[in-house]
Amino acid sequence: FVFEAVRRERVVSVSIPLRRVTILGLTLSIPALLLHHEVEYMQQHLAIPNWAWIVIGAGALYLITRLHEGATHLTDRYFNRDLDKAEQTIAAAILKAKDPLEIDKLLAEQPYRRLKLSSAASFRRNGAEFTRDSDGHGWGEQTTLSLDSPMLAPLAMGAPFPVEEEYDPEPGLPSGFSRPVLGVPASNPLRCFALALYGPHASGADLDANERAMLKRIAENAAAVYGELENNDLRHKISTLERKLSGNASAPPKRSKRNR
């Protein structure tokens, strides 16, 4: 229990690993007992050295652990209705957004509050850098991220990426429990509109696979709305210019004083 609680630096709630290890032990106690009897039976009929049984036991333990993790993710996927509800609420709010700043706030505020994260911030693409116009939770005065930063190299893939611990020296990057662990670009196959950076849960637990998938889908909705708002703004400007040009073309030419 102590090892599981302190093996990760940012785990601050002992109940997280304690609960998982306890559930794993209780769930597998009966199968482990049956397996133990089967191994004793096999030892009597198979001439396998003792060290080989240690290797086999370690392999079986690894497979059981992976099976447990897979079962946990599968259960969360089909029975975690709160997560599904949160995604629907956030996605609906993003689709109703009227300006990019509102989307920035939704990408940072809603996941931070609903997933109980330690930090969250949204940066919008502005030329060769990402600019943060909205307030970020757990962030200080850092308001820009350069595209030349090694931390943003995975952006070219257009998919969520982990923020490795080697980027701790990055200027302005939150440290400690607020350090971001996941970057989620709001992008389409042609362009990246914004980047959201999320920290782990306030309890110290990592974002699981279902939560990461949810944040990815929310970012895809945000990219679609960013693009639509930008297109609407361009169409409005073009329409305004066309009206001005049409008005100038229909106006009668001014007579000069010499012609008078």
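**The sheet and a helix**

Author: A121 stands opposite L197 in β6. This is a predicted model, in which local features need pLDDT of at least 70 and side-chain atom pairs count only at pLDDT 80 or more, while totals for chains, interfaces and linings use all residues. Residues are numbered from 1 along each chain as its sequence is written, and side-chain values use heavy atoms, without hydrogens and water.

Reader: In what order do the six strands form the open sheet?

Author: Strands are DSSP runs (E, at least two residues), and helices are likewise runs (H or I, at least four), numbered from the N terminus. Two strands pair if DSSP finds at least two bridges between them. Here the order is β3-β2-β1-β6-β5-β4, with antiparallel pairing. β3 (144-146) and β4 (161-162) stand at the edges with a single partner strand each, so one side of each lacks a neighbour in the sheet.

Reader: How many residues lie between β1 and β2 in their hairpin?

Author: Two residues lie between them, and G127 in the turn has a positive phi of about 70°. The strands, β1 (residues 120-126) and β2 (residues 129-131), pair over three bridges; N126 has E129 as its bridge partner, and R125 has F130.

Reader: Why do the buried residues of α4 line one face?

Author: An α-helix has 3.6 residues a turn, so residues three or four places apart point the same way. Buried means under 20% relative accessible area, exposed over 50%, and partly exposed in between (1.4 Å probe, protein chains only). In α4 the buried residues are L83, A86, E87, I90, A91 and I94. Seen down the axis of α4, they fall within an arc of 125° (taken from the directions from the helix axis to the C-beta atoms), so they line one face of the helix. On the other side, R81, D82, K85, Q88 and L95 are exposed.
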